[in-house]
Amino acid sequence: MHHPIHALSRALRPLVRRKRLIAASLVGSALLATITVSSAAGLLGDRWEKRSQDAWQQSIVATRRVQTFARAYSETLLPVRLMAMLRARAQANSTTPSRPAPTPTTALPAATGPVMSGGSGGPQMANSSLPRLIQLPSVRRYVNLNSAAYTRFKGWVDSAVNGSPGYAFAASEAAMMYQLSPESKYCTLAVNMVERQVADAEAAIAAGSNPEVAGDSYLEVGPMISDLSMTLVTCSAFISGAQRTRWSAYAEQTVWNIWNYGSARWGSRSAPWTGWSVDNPGNNYHYSFLEATMYWALATNNATWMSELRNRRLPALQAYFARLPGGGSSEGTGYGTAQMRLFSLYHLWRDATGSDLANTNTHATDSIYYWINATVPTMDRFAPIGDQSRNSVPELYDYHRRLVLEARQTANGDAAQRAATWWLSNIMMKNSSGVVVPGTQMNSGFNFRYDLLPAGTVATPPSNLVYHATGVGHLFARTGWDTNAMWVAIVAGPYNESHAHQDQGSFTLFSRDWLAVTANIWSHSGINQGTDVHNLVRFVRNGSVARQCESSTKKSTMTVTPGSGGDFTANANLTPAFCDNTAVTSWQRQFTFGGRKLTLRDTFAMTAGTAATFQVNTPVLPTLVNSREARAGRLRVRVLEPANATINSNFSSGKYVEDGAGYRIDVTGGTTGYLVELSEI
């Protein structure tokens, strides 16, 4: 007579063999992927390393699917009594910390937006023959745990864990640290921080107010919802069911409110807002909106928001940036640094879905070259184009380093990546003590996480001396790549963003320091936008300055003919920049750069009662050599035409900016044009 256990054992043998086969396959694929990553990283470069990392991610997905299958059918595959024994032993030996108890709060009223959907399977990748689980990817995909950047980041997070969080410390940083070193203290901190965000929002809503996330037209929605989303996914074992429900209701309502601004609600209260830039992919607010939506969609596999992204928001984004060859931002170089968030979303989406948004056009890759050329020869400052509200003096900072690091992650080709590595290795930034040092790492703790992005080890210095970003209408040129080179920047293109300036036709000249530069950099606010602070021709009719106006239908144009050694000739038609033709009926400006001189020829037509002044803003007080020549520090300004044009001896002390700093050389007397030469003494 056979014992029942023996019969059961025989029945389970095929299942055991299958399990061994599955285990062997998983171990083999993991080993293969590990070897591939190691060898590819060392021998074949970044592109093959990325492909091998994708293979590793696929093996992880396969492992999770087997685990899901085993959990779903464990009762069928193993005897009930054995399963009960294994569960009891696992619970007794578990080292998983207990979940933090949720803070008692007023419950968030039910969201009025779309119901969350999802499921364990998730949507599938459109450009693959194999199913792919869509989810927030781990930062482990790019972090070197043996790097100094990792050590600094870990120290930053550990300080927060120990009760001393630095300025702007975020929950997502603690969640990231758990991904890199799965210690319960990191998730405990992340969960507590997100719980506080949600609880505060619930309290505000209960009191009839909008929560913090809605402040300033939802400007900070991206970081706040990404904090929640990363914590929800990374620290799921530390989050109670009640917390998950409350967090989800809050995040879902927030994302709904972004895109449905006219019918936005908080609780039972209508809370519409302006919808500023929800349909403008060129505005920095838009990146925050996309960040919130993308993180939430990937964290929850929400079909509604995945569809919104894939079918509406991301195609519009791609179409917009396809119109900006050469890189850069129409907002300028101040608010344009927000593209660091855009490029971050590019590689997040790529690594989560397999869809490479960045390389459907050249903008992201071109932006590496844009910033290389927009940086002055001393490698510590950049072209001051548009509003500079963070720091009116355009000094390189962590944000610029992050922008190029993020762009490098998305770049198409080794050449652009190596160019980025060169720039990242050579820039100079002020440290926390105000001393200019090599900018090879972030200065502010809240930016340490971005140094985890690989900066590369193989650098290629740039060779081209003239760079025209035709999409945004910015031109940069220099006499060489040495620190003593003369450098010029010119603006002539679209004027269609609120943070852009009335600076069409303006220029900046630099050699070891500013020679001629917008007076805006000496202001306190950094947002003086008028024509009187820029280096151009100022047209005044009946005491009023003729304004340049934003337009989505007309723009200035510029053609550039490069020479050798950084020389060029550029011809700009600036007539479309003006609001109307009541003062100016036409204005063309020719720029000729060569021999460390910049010569400008202006040709214009004006209406009766209009006067034209050629103006140059300088950082130091000019001296008048004669009525047709002035000097300001190492800058010499000579009037060549017309014969009756003269330099005004009253050098303004910059009263057209709020701090009254800087000086201006005014040339008057021209009725149809000017010819002026700027050179270095």
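A disulfide joins cysteine 187 to cysteine 235, with an S to S distance of 2.0 Å. The structure is a predicted model. The link of cysteine 187 and cysteine 235 is left-handed, with -80 degrees about the S-S bond. Cysteine 187 belongs to helix 7 (residues 184–206), while cysteine 235 sits in the loop between helix 9 (221–234) and helix 10 (241–259), so the bond ties together parts that are 48 residues apart in sequence.

Cysteine 187 has a relative accessible area of 0% and is buried. Cysteine 235 also counts as buried, at 0% relative accessibility, because the cut-off for that class is under 20%.

Searching the whole structure gives two disulfides. Besides the pair described above, cysteine 549 and cysteine 579 form a disulfide, and their sulfur atoms are 1.5 Å apart. The link of cysteine 549 and cysteine 579 is right-handed, with 75 degrees about the S-S bond. Cysteine 549 is in the loop between strand 11 (544–545) and strand 12 (557–562), and cysteine 579 is in the loop between strand 13 (568–573) and strand 14 (584–594), so this pair ties together parts that are 30 residues apart in sequence.

Cysteine 579 counts as partly exposed, at 31% relative accessibility. With bonded cysteines counted along the chain, the disulfides follow the pattern 1-2, 3-4.

Strand 7 (residues 486–491) is mostly covered, with six of its six residues buried. In a regular strand, side chains alternate between the two faces of the sheet. In strand 7, Met486, Val488 and Ile490 point one way and Trp487, Ala489 and Val491 the other way; all are buried.

Strand 6 (residues 474–478) and strand 7 run antiparallel and are joined by five bridges. Five bridges also join strand 7 to strand 8 (residues 507–511), and these two strands run antiparallel. Tryptophan 487 of strand 7 stands opposite arginine 478, and its bridge partner in strand 8 is phenylalanine 510.

## Helix 11

Helix 11 (residues 284–300) has 17 residues and spans 25 Å from its first C-alpha to its last, close to the 24 Å expected at 1.5 Å a residue.

At the start of helix 11, asparagine 283 places a side-chain oxygen within 2.9 Å of the backbone nitrogen of tyrosine 285. After helix 11 comes asparagine 301, which has a positive phi near 55 degrees.

## Backbone geometry in loops

The peptide bond joining glutamate 641 and proline 642 is cis, with omega about -5 degrees. Proline 642 lies in the loop between strand 19 (635–641) and strand 20 (646–647).

Methionine 379 is not a glycine, yet its phi is positive, near 65 degrees. Methionine 379 is placed in the loop between helix 14 (363–374) and helix 15 (398–410) and is buried, with a relative accessible area of 8%. Arginine 596, also not a glycine, has a positive phi of about 60 degrees. The loop between strand 14 and strand 15 (597–606) holds arginine 596, which counts as partly exposed at 31% relative accessibility.

How values were computed
Residues numbered from 1 in each chain as written. Predicted model: local features only at pLDDT ≥ 70, side-chain atom pairs only at ≥ 80, totals over all residues. Heavy atoms only, no water. Disulfide = S-S within 2.5 Å. Helix = DSSP H or I, 4+ residues; strand = E, 2+ residues; numbered from the N terminus. Buried < 20%, exposed > 50% of the residue type's maximum accessible area, 1.4 Å probe, protein only. Pairing = 2+ DSSP bridges. Expected span 1.5 Å × (residues − 1). Polar contact = N/O pair within 3.5 Å; in protein donor to acceptor, adjacent residues only side chain to side chain.
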